[in-house]
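Colleague: I am new to this structure and would like to learn how to read its charged pairs and its surface. Could you take me through them step by step?

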Amino acid sequence: MDRPKILVVGSFVKDLIVSTRVFPKAGETVLGTDFHMATGGKGANQAIQAARLGAEVTMVGRVGADAFGKELVEACQANGIDCSRIQIDPTAPSSIGNVQLQIGEDGSTQNRIIVVPGANMAITPADIAFLRETMKNYDMVMLQLEIPMEINVLVARLARQDGVPVMLNTAPSDKNISGELLSCVTYLSCNEFEAFDLTGISIKSAGTSVDLGEVKAVIRALLDRGIEHVLVTLGKAGAAFGDKNGCFLIPTLGDIHSVDPTGAGDAFIGAFCTFVSMGIDYRTAVRMANYVGSITVSTMGAQTSFPSLQELNDLIQERGEKDLLLLA
């Protein structure tokens, strides 16, 4: 199987992660239980997951001329990503993410994340000018909303002109996404909160249960806006996919214990885009991406928990679903 060529234009974030038994209220100080740092950012996360599953990935973005920036780039290089188009910003600091994890008595986790954008918002049109000549070389473009909207629009416009499919992950949520950007999108991925901001339709869920009628309504609303394929990630309930041929929902692996959900959505999207770029059908791609997300939540950290192709195959074999196995 040929390695798909994927372009990621997006963000880098150094995560500063605090674990606690209870989130503090306004004006309150609580004692935490653990602290560690990790490399992240939605763009870098998705790029690394795609690379670990066998894609040939080029990453475009900006980091600061600081220690965090060096570590962020090195994490991508360590996964075989082409980092030659990453710019070092001389003035803006590398982005940081304040990740708060609340650990429940049963070991379950919830997270809250504040991102300070820093150099991510300093990307310029000049940084992506090379794509006018090279865009046609890629099988997929992956975008998120942690960089300037202007840059996403320019990249998506170039991709559309050259017939390259575009995945837009609408995170962090933005009610004012450019109409031109949406008109250039082939795949749109959102969670239930982002879906509400995009459509005004609320998806009710409880654990692994979700209102399928509301999920379908969200997908229809986004298809009506001209988007060809829609993914809605639903946490413990799984992920839904829809296009002109219909909708389906694939549940998560129900017996996976969630240790840290940070980065699971990025892992899912990176995996889905890789599998689709390999020519795998949508239903199978979602099933396999669910496996990737399940592995990610079962381990602490984001990038450190993203599975390799071998780790994915090992779990698939353990579950007896040999029809999903991929050749390394």
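Colleague: Which residue forms a salt bridge with lysine 5, and how far apart are the closest N and O atoms?

Modeller: Please keep in mind that this is a predicted model. Side chains of opposite charge can pair when their charged atoms come close. Here the partner of lysine 5 is glutamate 56, with the closest N and O atoms 3.9 Å apart. The pair links distant parts of the chain, since lysine 5 belongs to strand 1 (residues 5-9) and glutamate 56 to strand 4 (residues 56-64), 51 residues apart.

Colleague: How many salt bridges does a search of the whole structure find?

Modeller: The search finds eight. Among them is the one between lysine 14 and glutamate 71, whose closest N and O atoms are 2.5 Å apart; this pair links lysine 14 in strand 2 with glutamate 71 in helix 2 (residues 67-77), 57 residues away in the chain.

Colleague: Is lysine 14 buried or exposed?

Modeller: Buried means under 20% relative accessible area, and lysine 14, at 7%, therefore counts as buried, whereas glutamate 71 is partly exposed at 31%.

Colleague: Which residues are linked with Arg62 in a network of salt bridges?

Modeller: The network joins Arg62, Asp89 and Asp127. Within it, the side chains of arginine 62 and aspartate 127 meet at 2.8 Å, N to O, and both of these residues are buried.

Methods
Residues are numbered from 1 along each chain as its sequence is written. This is a predicted model: local features need pLDDT of at least 70, side-chain atom pairs count only at pLDDT 80 or more; totals for chains, interfaces and linings use all residues. Side-chain values use heavy atoms; hydrogens and water are left out. A salt bridge is a side-chain nitrogen of Lys or Arg within 4 Å of a carboxyl oxygen of Asp or Glu. Helices (H or I, at least four residues) and strands (E, at least two) are DSSP runs, numbered from the N terminus. Buried means under 20% relative accessible area, exposed over 50%, partly exposed in between (1.4 Å probe, protein chains only).
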